Amino acid sequence: MKIKKLLLGDEAFALGAINAGLSGAYAYPGTPSTEIMEFVQSDPIAKERGVHSHWSSNEKTAMEEALGMSFCGKRTFTSMKHVGLNVAADPFVNSGMTGANGGLIVVAADDPSMHSSQNEQDSRFYADFAMLPALEPSNQQEAYEMARYGFELSEKFSIPVLLRFVTRLSHSRAVVECESEASEENTLSYPKNPKQWVLMPAMSKIRNRQLIKDQEGFVADSENSPFNKYIEGAEHRLGVIASGIAYNYLLETFNGNVPFPTVKVSQYPLPKKLIKRLYDSCDSILVLEEGQPFIELKLRGLLDEGKRIYGKLSGEVVRDGELSPDAVRATFLEIDPKLSGLQALPETKVSEAVVSRPPALCQGCGHRDVYGALNEVLEGYENAKVFGDIGCYTLGFLKPFNAIDTCVDMGASITMAKGAADAGQHPAVAIIGDSTFTHSGMTGLLDAINENSNITVIISDNLTTGMTGGQDSQGTGKIEDICLGLGASADHVRTIDSLPKNHADMVKLFKEEIDYNGLSVIVSRRECIQTARRKVK
């Protein structure tokens, strides 16, 4: 029996995975992927079945844990934001060599326009690089359906499958038709060829040849995918290739009646026969894709036979930020100003009454007290530098604090402070959150401990993963023990409550440890005001 639910794209995939017999989900929170794991954690069927849904320390561990469950024949997924795939890149790329046993889907949620990210990278390049199949839903219904389809595809070819989301799909809702009951989970089983899971050179060489041979099958499956379609149109002066959510924007632009032949792409590798058919029957080609010019680059290499190809590289499609129906409509009008049939869209203007509200640290946030004390201390030093990290506390870069000098990626605060100290910089202060510390800060701290680097590391511990909504932090209650276990001096691992009443003590402590010639760690602790409020409620 089918039922209908109003779901985010993230939630649609999660429900689809549960209904397809999911046994385990592995993730590290990151916008726009966080709601995938949160849905599994709250779903009654997943709870009843004991589906694994605990947060992992980082994306690499999540990928490896999911790979372990797949090894045992169970269906599993790991979800992360696009830059999280960088962290998981080592096991992700090598998973093409090991293959999969139980269905394994790797969900990467890209963030065009950088709503909450450092860059606009496009995860389709990772799938291409690792020679893995990829899926890209164009709407919430497909996000739901691609969970089961992705598991089946993974098990058909014994290979992991990448599923690419984008922010607008992850965080918008639509009615989704779904099953009312969930399929049974896979039983425990093991790979038919266990040797391929041992990536020693002799085995990897055999596996690499097989992976290359399998590409033909991946393309053939893409050609026949229910998510890839050739849609005929009356006007052959232009053919359109639209992938993922860009296909939705295309339909909206023409109110569902696109006059041009169209190839909808939602499964990769690219369906070459469908695209060749379009190319041969049209005078020119327009490529609409969210993110980077992935398809367009391949077309210019494979089908550069003199026909005009419009897209991001040629300038007709906006390359920076998200696509939108407005942007797609503008593209068609640039190609042909007299084009008819375009849906009349209301002009979107921001009201003058709407005041820009940049993000800010919450009132009552302990990070505020850390920066207040740190700024006061550093006024007494010439050319002090503070190396920041990824988290709520990154907002310390903004007014009124203006407190950090760098922010690059998860865990970079400690390692950059160490490198700066190696260059002779003093003071070199690193500030990092508790969740980011256990995500990727511990190894950097070990480097600094081994060389007794002259840096001060401030771990601003708010007892949660605050920036993504208050998920559990893997280091809660363990931060000092971790630092001591790594070898930090007990005399210079110090803890203080980051409260306004402790301001003078914080200033004194910060100055003492900055003046110490060697590595020191200060754990400044205060529960996130948002999680504290939720507990009170």
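T98 has a relative accessibility of 5%, and because buried means under 20%, T98 counts as buried. This residue belongs to helix α6, which covers residues 89–98. Please keep in mind throughout that the model is predicted.

- A polar atom in the side chain of T98 sits 3.2 Å from the backbone oxygen of S95.
- Leaving out residues up to four places away in sequence, T98 touches L67, Q196, W197, L199 and R207.
- M203 is 105 residues from T98 along the chain, and the C-alpha atoms of M203 and T98 are separated by 9.7 Å.
- Helix α10, made up of residues 201–223, is where you will find M203.
- With a relative accessible area of 25%, M203 is partly exposed.
- Once neighbours within four places in sequence are set aside, M203 is in contact with K195 and V198.

**S23 in its strand**

- Strand β2 runs over residues 22–27 and includes S23.
- S23 counts as buried, because its relative accessibility is 6% and the cut-off for buried is under 20%.
- Not counting residues up to four places away in sequence, the residues that S23 touches are V51, H52, M69, K74, R75 and E185.

- Helix α16 spans residues 412–422, and its buried residues are A412, S413, I414, A417, K418, A420 and A421.
- As background for reading such a list, an α-helix has 3.6 residues a turn, so residues three or four places apart point the same way.
- After α16 comes G424, which has a positive phi near 105°.

**Backbone details to look for**

- K399 and P400 are joined by a cis peptide bond, with omega at about 5°.
- P400 is in the loop between β14 and α16.
- N402 is also placed in the loop between β14 and α16, and its phi is positive, near 45°, in a residue other than glycine.
- Another cis peptide bond links H426 and P427, where omega is about -5°.
- The loop between α16 and β15 holds P427.
- N255 is a residue other than glycine with a positive phi, near 55°.
- You can find N255 in the loop between α11 (245–253) and β10 (262–265).
- The relative accessible area of N255 is 55%, so N255 is exposed.

**E232 and its loop**

- The loop between β8 (229–231) and β9 (239–243) contains E232.
- E232 has a relative accessible area of 46%, which means that it is partly exposed.
- The side chains of E232 and H236 are joined by a polar contact of 3.0 Å.
- Apart from neighbours within four places in sequence, E232 is in contact with P261 and R277.
- E232 and V263 are 31 residues apart along the chain, and their C-alpha atoms are separated by 8.7 Å.

**The chain as a whole**

- The chain contains 20 helices and 18 strands.
- Its C-alpha trace spans about 75 × 60 × 50 Å along the principal axes.
- The radius of gyration of the chain is 25 Å, which agrees with the value near 24 Å that a compact globule of 537 residues would have.
- Buried residues make up 55% of the 537 residues of the chain.
- Among contacts in the chain with a separation of 6 or more, 78% are between residues 24 or more positions apart.

Notes:
Residues numbered from 1 in each chain as written. Predicted model: local features only at pLDDT ≥ 70, side-chain atom pairs only at ≥ 80, totals over all residues. Heavy atoms only, no water. Helix = DSSP H or I, 4+ residues; strand = E, 2+ residues; numbered from the N terminus. Rg over C-alpha atoms; globule rule 2.2 N^0.38 Å. Buried < 20%, exposed > 50% of the residue type's maximum accessible area, 1.4 Å probe, protein only. Contact = heavy atoms within 4.5 Å. Polar contact = N/O pair within 3.5 Å; in protein donor to acceptor, adjacent residues only side chain to side chain.
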